[in-house]
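Visitor: I am new to protein structures and would like to learn how to read one. Could you take me through it feature by feature?

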Amino acid sequence: MVSIYGRSIAKTVKSKHFYLAGGHQGLYPKYPSLNTKVLIICESIIDAASVKMGLGTDCAVLALYGTNGFTVDHGLLIKKLDSLKEVILFFDGDAAGQAAVERVGRLVRLNQPRVKISRVPTPDGEDDNSMLVGHETEIIGHLQDQRRTLEIGTLMPEPEGICRLAVQN
């Protein structure tokens, strides 16, 4: 075990997600097979668990550690996935989720220059977990089917310092 995650259910708590200090290690729920062709990346651990529940256990899903939680471990894995054809970004329907799509899209592109990158249109104010809780489990697959390809030209220029997460050979 390299980390522990918790989520608050209290409505008055400012932060909902809790990690051990230095707990952004490893990948949740697991390192996918090196033969993975389609990888779904979610904004948080609870969202990744919700997507797996909605799509089934055979899909390759990875959680970030929040909108700024793309780690070197994520980059190393993506770079190693030689069979990877598509990365689906399934983030929250809010401003932070929108910004993360751009940022993570650039990081994926740096580590896998030829992979298709797409985005799931999560409704405003919703996230993967709230969609699963508020609807039938099929909603996750329905939203995934509505994904749109991100063109490389639509990804904003890299902010200073972002290249440090690109993994070198």
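Guide: We will go from the whole chain to single residues. This is a predicted model, in which local features need pLDDT of at least 70 and side-chain atom pairs count only at pLDDT 80 or more, while totals for chains, interfaces and linings use all residues. Residues are numbered from 1 along each chain as its sequence is written, and side-chain values use heavy atoms, with hydrogens and water left out.

Visitor: How many helices and strands does the protein chain have?

Guide: Helices (H or I, at least four residues) and strands (E, at least two) are DSSP runs, numbered from the N terminus. Here the protein chain has five helices and seven strands, and along the sequence they come in the pattern β-β-β-α-β-α-β-α-β-α-α-β.

Visitor: How much of the protein chain counts as buried?

Guide: A residue is called buried under 20% relative accessible area, exposed over 50%, and partly exposed in between, with a 1.4 Å probe and protein chains only. By that rule, 46% of the 169 residues of the protein chain are buried.

Visitor: Which residues are buried in helix α2?

Guide: The general idea is that an α-helix has 3.6 residues a turn, so residues three or four places apart point the same way. In α2, which spans residues 72-80, the buried residues are H74, G75, L77 and I78. They lie on the same side of α2 because they cover an arc of only 165° around the axis, the arc being that of the directions from the helix axis to the C-beta atoms. Contact means heavy atoms within 4.5 Å, and the elements that cover these buried residues of α2 include β3 (38-42), β4 (60-63) and α3 (95-111).

Visitor: Which residues touch the most other members of the largest nonpolar core?

Guide: A nonpolar core is a set of buried Ala, Val, Leu, Ile, Met, Phe, Trp, Tyr and Cys residues joined through side-chain atoms within 4.5 Å. The largest one has 22 residues, and L39, I41, L89, F91 and V108 touch the most other members. At least two residues of this core come from each of β3, β4, α2, β5 and α3, and α3 gives the most, with five residues. Not counting residues up to four places away in sequence, V108 touches I41, F70, I78, V87, V115 and I117. Apart from this core lies another, of 13 residues, including C42, A48, V120 and L143.

Visitor: With which side chain does the side chain of E86 make a polar contact?

Guide: A polar contact is a pair of N or O atoms within 3.5 Å; within protein, one must be able to donate a hydrogen and the other to accept it, and residues adjacent in sequence count only if both atoms are side-chain atoms. E86 belongs to strand β5 (residues 86-90) and is buried, with a relative accessible area of 7%. Its side chain makes a polar contact with the side chain of R147, at 2.7 Å. The C-alpha atoms of E86 and I117 are separated by 5.7 Å, although these residues are 31 residues apart along the chain.

Visitor: Where is T36 placed?

Guide: T36 is in the loop between β2 (17-19) and β3, and at 8% relative accessibility it counts as buried. The side chain of T36 reaches the backbone oxygen of S33 at 2.6 Å. Leaving aside neighbours within four places in sequence, T36 is in contact with A60, L81, S83 and L84.
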